[in-house]
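Keep the viewer open as you read.

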Amino acid sequence: MDNMVDDKKVNQVVDNGKGDEGGEGTPGRGYELPLLLFAGFRTLIDRLHAELARQGHPGLRPAHGFAMQAIGAAGATASEVGRRLGVSKQAAGKTVDRLIALGYAARTDDPGDARRKLVRLTPHGIDALRRSAAVFDELRAQWAQAMGPHRLRDLEAGLRGVVPADAFRLDAAGWLGGS
């Protein structure tokens, strides 16, 4: 069976014939929910990075944001970054090396263990995260204006009700990659 993108830009191999077009008040097809959630996520992330590029962070990529969150305020070893991201130590090391090359992170000695090196965010990395938070606030405000503040709050509340508390993890890259 061909895996083709249809005229609605929905890459769906199987059509079970259930549901309809998913218009206002009508049920959509089951596969549309994850696609819409992912498309919403992708739209937010793409707009975030376009704005960050305008604000002086042109080399920053989505994986870098996850990695900087995995590094955290206290810093982390490359192994810890890999575990938090759900990727190999080698993959984490490559991402850390890129963050260092871009000036978002630096390797430092671990004050608690002279054998370990910590990766810490630089002021440039902290600036990127602060700007990201502000841009996300602006993007949320745009969504509230587009769909109405009550509908957006209802959407957020509904998602909080179905998303497990431990679902806020940074391992999206590893999960998507099958690691």
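Where pLDDT is low, the predicted coordinates should not be read in detail.

Some ground rules: this is a predicted model, in which local features need pLDDT of at least 70 and side-chain atom pairs count only at pLDDT 80 or more, while totals for chains, interfaces and linings use all residues. Residues are numbered from 1 along each chain as its sequence is written, and side-chain values use heavy atoms, leaving out hydrogens and water. Helices (H or I, at least four residues) are DSSP runs, numbered from the N terminus.

## H1 against H5

Helix H1 (residues 32–54) packs on H5 at an angle of about 125°, and their axes are 10 Å apart. Axes here are lines fitted to C-alpha atoms over the stretch in contact, with angles running from 0 to 180 degrees between N-to-C directions. That makes H1 oblique to H5 (under 35 degrees is roughly parallel, over 145 roughly antiparallel, 65 to 115 roughly perpendicular, and the rest oblique).

On the H1 side, the contact (heavy atoms within 4.5 Å) includes Gly40, Leu44 and Leu48, and on the H5 side it includes Ala128, Val135 and Trp143. The residues of this contact split into nine nonpolar, two polar and three charged. For these classes, Ala, Val, Leu, Ile, Met, Phe, Trp, Tyr, Cys and Pro count as nonpolar, Asp, Glu, Lys and Arg as charged, and the others, Gly among them, as polar.

## Two partners for H4

Helix H2 (residues 62–71) and helix H4 (residues 89–102) pack at about 95°, with axes 10 Å apart. H2 and H4 are therefore roughly perpendicular to each other. Ala63, His64, Ala67, Met68 and Ile71 in H2 meet Thr95, Arg98, Leu99 and Leu102 in H4.

Helix H3 (residues 78–85) also packs on H4: their axes come within 8 Å and cross at roughly 110°. So H3 and H4 are roughly perpendicular to each other, too. Here Ala78, Ser79, Val81 and Gly82 in H3 touch Lys89, Ala92 and Val96 in H4.

How values were computed. Helix = DSSP H or I, 4+ residues; strand = E, 2+ residues; numbered from the N terminus.
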